[in-house]
Amino acid sequence: MEQKAKEKEIQVVVFLLNEEEFACNISDVREVLKMVKVTPLPRTLKFVEGVINLRGDVIPVIDLRKRFNLPEAEYDEQSRIIIVEVGSGQVGLIVDAVTEVLRLPSSQVQASPSGIAGDCSELIEGVGKIEQRLLIILNLEYILSTEEQLALEDITAAGREAAAIQEAES
């Protein structure tokens with residue numbers, strides 16, 4: 001009896017931004033949090049909301065709507081912070097909602113059509129097709145430029161200093 005070769009698949013976390021579906025590889029995701037208070041930091045990149053304290057770790061938080069130049073929206077009970085690995089550290093990504101975790105056969109993932117993403121072409125890993133839905137699958141390695149990653153590391157260090165001072169004072 002011939003066994004059909006098992007098709008490769010990827011597992012992704014699906015989330016909403018401006019009523020559009022995006023996804024990222026589940027191996028990049030550490031956890032998903034309900035919206036918590038984000039401590040703003042002065043003189044940061046326009047899309048950096050600030051930092052959060054996650055079990056003693058200071059994590060910079062990015063608003064993906066601002067990062068992608070989408071219209072801003074109020075955070076609500078569906079808003080989430082996805083903690084992801086980016087470069088050598090962790091970053092929180094604010095999204096409108098996390099909807100599901102999906103397994104997609106590789107045959108349902110198409111490479112990003114050249115030319116559609118402009119300057120962000122490496123950011124889009126591919127487009128997942130599920131029935132009538134299209135998922136834009138992000139490559140989180142490219143969510144930030146090298147300069148922005150360095151700036152976030154500085155922000156994280158400043159946040160750690162502020163947290164240490166606050167802890168010493170209490």
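# Arg30 and the rest of the chain

User: What relative accessibility does Arg30 have?
Analyst: Arg30 comes out at 41% relative accessibility and counts as partly exposed. Keep in mind that this is a predicted model.

User: Which residue does Arg30 form a salt bridge with?
Analyst: Glu85. The closest N and O atoms are 3.0 Å apart. Arg30 sits in strand E3 (residues 29-34) and Glu85 in strand E6 (residues 80-86), so the pair ties together parts 55 residues apart in sequence.

User: And what's the relative accessible area of Glu85?
Analyst: Glu85 has 28%, so it is partly exposed.

User: How many salt bridges does the count come to?
Analyst: Seven. One of them joins Arg103 to Glu9, with the closest N and O atoms 3.5 Å apart. Arg103 belongs to strand E8 (residues 97-105) and Glu9 to strand E1 (residues 9-17), so this pair ties together parts 94 residues apart in sequence.

User: Is Arg103 buried or exposed?
Analyst: Exposed, with a relative accessible area of 53%.

User: What does Lys66 form a salt bridge with?
Analyst: Glu49, with the closest N and O atoms 2.4 Å apart. Lys66 is in helix H1 (residues 64-67) and Glu49 in strand E4 (residues 48-54), so parts 17 residues apart in sequence are tied together.

User: Which residues are linked in a network of salt bridges?
Analyst: Glu21, Glu100 and Arg133.

User: Switching to rings. How many aromatic pairs are there?
Analyst: The count comes to two. Phe15 and Phe22 form a stacked pair, 6.0 Å centre to centre with 15° between the planes. Ring pairs also bring in Phe68, giving a cluster of Phe15, Phe22 and Phe68.

User: Phe15, buried or exposed?
Analyst: Buried. Phe15 has 1% relative accessibility. Phe22 is buried too, with a relative accessible area of 9%. The cut-off for buried is under 20%.

User: What lies over the face of Phe47?
Analyst: Arg67 does, at 4.6 Å from the ring centre of Phe47.

User: Zoom out. How many helices and strands are in the chain?
Analyst: Two helices and eleven strands. From the N terminus, the order is β-β-β-β-β-α-β-β-β-β-β-β-α.

User: How much of the chain is buried?
Analyst: Buried residues make up 36% of the 170 residues. The accessible surface of the chain is about 10600 Å², and 48% of that belongs to carbon and sulfur atoms.

User: What about contacts between residues 24 or more positions apart?
Analyst: They account for 57% of the chain's contacts with a separation of 6 or more.

User: Why is strand E10 described as largely enclosed?
Analyst: Five of the seven residues of E10 (residues 124-130) are buried, so the rest of the structure largely encloses that strand.

User: In which sense do E9 and E10 pair?
Analyst: Antiparallel, over two bridges, with E9 covering residues 109-110. Val109 stands opposite Gly128 in E10.

User: And how many bridges join E10 to E11?
Analyst: Six, and the strands run antiparallel, with E11 spanning residues 133-138. Here Gly126 stands opposite Ile137 in E11.

User: What sits between E10 and E11?
Analyst: Two residues, and the two strands form a hairpin. Glu131 in that turn has a positive phi of about 50°.

Notes:
Residues numbered from 1 in each chain as written. Predicted model: local features only at pLDDT ≥ 70, side-chain atom pairs only at ≥ 80, totals over all residues. Heavy atoms only, no water. Phe/Tyr/Trp six-rings, centres within 6.5 Å; stacked < 30°, edge-to-face > 60°. Buried < 20%, exposed > 50% of the residue type's maximum accessible area, 1.4 Å probe, protein only. Lys NZ or Arg CZ within 6 Å of the ring centre and 35° of its normal. Helix = DSSP H or I, 4+ residues; strand = E, 2+ residues; numbered from the N terminus. Contact = heavy atoms within 4.5 Å. Areas by Shrake-Rupley, 256 points an atom, 1.4 Å probe, with all protein chains shown as cover. Pairing = 2+ DSSP bridges. Salt bridge = Lys/Arg side-chain N within 4 Å of Asp/Glu carboxyl O.
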